[in-house]
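Welcome! Let us look at a pocket and some aromatic rings, one question at a time.

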Amino acid sequence: MAIETPTTAPVGTADPVNPAPARLSGRARLVLFVLCAAQFMVALDFSVLNVALPVLGRDLGLSTSGLQWAVTAFALPSGGFLLLFGRIADLYGRRRLFLTGLTLFGASSLLATLAWDPASFLAGRALQGLGAAVIVPTGMSLLTTTFPEGPLRDRALGISGTLLSLGFTVGMVAGGVLTDTLGWRSTMGLLALASVIVLVLAPKVLAESRTPDRPKLDVPGAVTVTGGLLALIYSLSTAAQRGFGDADVLVTLVVGVALLAAFGIVESRSAAPLVSLPMLRRRTVAFGNLGGLATFSMMSTVVFVLTLYLQEVLGLSAFGTGLVFGVQGIASVAAGMCASRVIGRFGARPTLVVSLLGQGLFIGALLGLGEDSGVLLATVAVSLASMFHLGAIISYGVTVTSGVPDGEQGLATGLVTTTQQVGITVGIPLLGVLATTQGTLFDGVRLVVAAAAVILVAAGVAAGAGLRRAG
């Protein structure tokens, strides 16, 4: 692996003589603002359109079944290309690729805003997803290489993780408000405006990093892992609507698994692999990502079924449901403000284990929900679960990226962000569908809550055992 030489010294880079500063400098704060704003913008895109889908469908003539593609068209490229773009950024320059992703995301958001038919809208969504697949791993790797390992990086990841969670929650609330007042197109217009603002600031504050040579990209590895992730994400997202018995779902699931298996074989024989297999064998990487997969998949599933419970079982309005998740968002911000201090005192690994167990405990408390009442319990339990969820998000990011050379940070953060996307995608098809296939919706919600709690506790125990032996 070639050693990278930044054209300018990254903010916060540790000096061998002088220790890293305990506080963020003014320029470091500006760098962090730009990178977190980009992450927040992408997180917003995951949810801001959800409540606008029925209105959008009527306006553009998109069928009910076609509405799924408004979500899937974004999820496919945003998850499938993360590892590839993370590695390309390592090899050819993170800043350059980050700016390219911002440009693509902004232009495609404008296309979606001005869409005149279903095809143009879905094209915009797909290009948005491709732009997100560039922004997320490059933004994360710029963050981890800009801020040195230790308190500064922990704090930066804490702020980034908080905004990631908050962006998803804000999107759910803002999507309804914007759709009711300005129309569904304003949800996409907001993203176009945000990308322009970040794009104006980013070139002025971000330093480029380049390798001294021009290493070759592992093309066979890139093809197999990208194809495998695309097939896997497509099959899992489609299963939520069609079920796992559908032939299309089964075929793409098998193809995805086969391509990922082929990717493992290719990487074991490659002289310059896309993904370093020794990295994947690191206990911090393996068990850190296990924790990340569990926390993202289970939280997204619980939010999904809790939305159904509040509106379909208790008859709560969309606005009332939004308030419940608004409280959850406030709790997430509070947790994010404290997470870096907790990690600094107790360490990322213990924090990850406790966070998974705590999240599982409070999700399990949702088993106390009733068919006639439960708004207060739902609000308190999901908010406390979200606080531990934030702790898990931040501590697993720190765990996975700690000890990784700067030259492989794009790969490490690509694994982190791929875990996030796959987690968000996989949870609802695997568990959320149970909520609508039981005798009653209430019974289905209880089954999903119980399963999510058990999975989180099991993941916490497994992570604790694996990370204890990580050294």
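Q: What volume does the second largest pocket have?
A: In this predicted model, local features need pLDDT of at least 70, side-chain atom pairs count only at pLDDT 80 or more, and totals for chains, interfaces and linings use all residues. Residues are numbered from 1 along each chain as its sequence is written, and side-chain values use heavy atoms, without hydrogens and water. A pocket is an open set of points on a 1 Å grid where a 1.4 Å probe fits, with protein on both sides within 12 Å along at least five of seven lines. The space in the second largest pocket is about 440 Å³.

Q: Which residues lie nearest the centre of the second largest pocket?
A: Lining residues have an atom within 4 Å of a point. The second largest pocket has 21 of them, and those nearest its centre are Leu83, Leu229, Leu415, Thr418 and Thr419.

Q: How many aromatic pairs does the whole structure hold, and why is the pair of Tyr309 and Phe442 called tilted?
A: Rings of Phe, Tyr and Trp (its six-membered ring) pair if their centres lie within 6.5 Å; planes under 30 degrees apart are stacked, over 60 edge-to-face, and the rest tilted. The search finds five aromatic pairs. The centres of Tyr309 and Phe442 are 6.3 Å apart and their planes are at 35°, so this pair is tilted.

How values were computed
Points joined across faces, edges and corners; volume = space filled by probe spheres on them.
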